[in-house]
Amino acid sequence: MSMIIKHIEMIERIDQLIRLQVTGSPDELASKLEISKTKLYRIINTMRSLNAPILYDLSVQSFIYESSVGFRFGFYSRDVLEYA
């Protein structure tokens, strides 16, 4: 079970870096996250399979979202979801 949580936490961290447009190159991002480039691409492909419109933008040297998206995982009270 902890592997699933670690994977989700990694997705959340990558999502945050993409939103800030500070991922750097794939090599730099893998280094920041202390994972291999192969594992990084596996996670990015997982995110894409969940409909994340991820692209790499050469002009800003960062992964970006092609369109505005949100990512949320976990259980929340209905009150929180009504205002999200």
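Select aspartate 15 and show its surroundings: beyond the neighbours within four places in sequence, aspartate 15 is in contact with Met47, Tyr65 and Phe71. Bear in mind as you click around that this is a predicted model. Aspartate 15 belongs to helix α1, which spans 2-20. Is this aspartate buried or exposed? Buried: aspartate 15 has 9% relative accessibility, and the cut-off for buried is under 20%.

Select Phe71 together with Leu50 and Phe73, and you have a nonpolar surface patch.

Look for it in the loop that runs between α3 (37-49) and β1 (54-57). Leucine 50 counts as exposed because its relative accessible area is 55%, and the exposed class begins over 50%.

Now step along to asparagine 51, in the loop between α3 and β1. What is its phi? Positive, at about 80 degrees, even though asparagine 51 is not a glycine. Show the surface here too: asparagine 51 is exposed, with a relative accessible area of 64%.

For the last stop, jump to glutamine 21, in the loop between α1 (2-20) and α2 (26-33). Check the backbone: glutamine 21 isn't a glycine, yet its phi is positive, at about 55 degrees. With a relative accessible area of 41%, glutamine 21 is partly exposed.

Technical notes:
Residues numbered from 1 in each chain as written. Predicted model: local features only at pLDDT ≥ 70, side-chain atom pairs only at ≥ 80, totals over all residues. Heavy atoms only, no water. Patch = residues over 30% accessible without salt bridge, like charges linked within 9 Å, V, L, I, M, F, W, Y side chains within 5 Å. Areas by Shrake-Rupley, 256 points an atom, 1.4 Å probe, with all protein chains shown as cover. Salt bridge = Lys/Arg side-chain N within 4 Å of Asp/Glu carboxyl O. Helix = DSSP H or I, 4+ residues; strand = E, 2+ residues; numbered from the N terminus. Buried < 20%, exposed > 50% of the residue type's maximum accessible area, 1.4 Å probe, protein only. Contact = heavy atoms within 4.5 Å.
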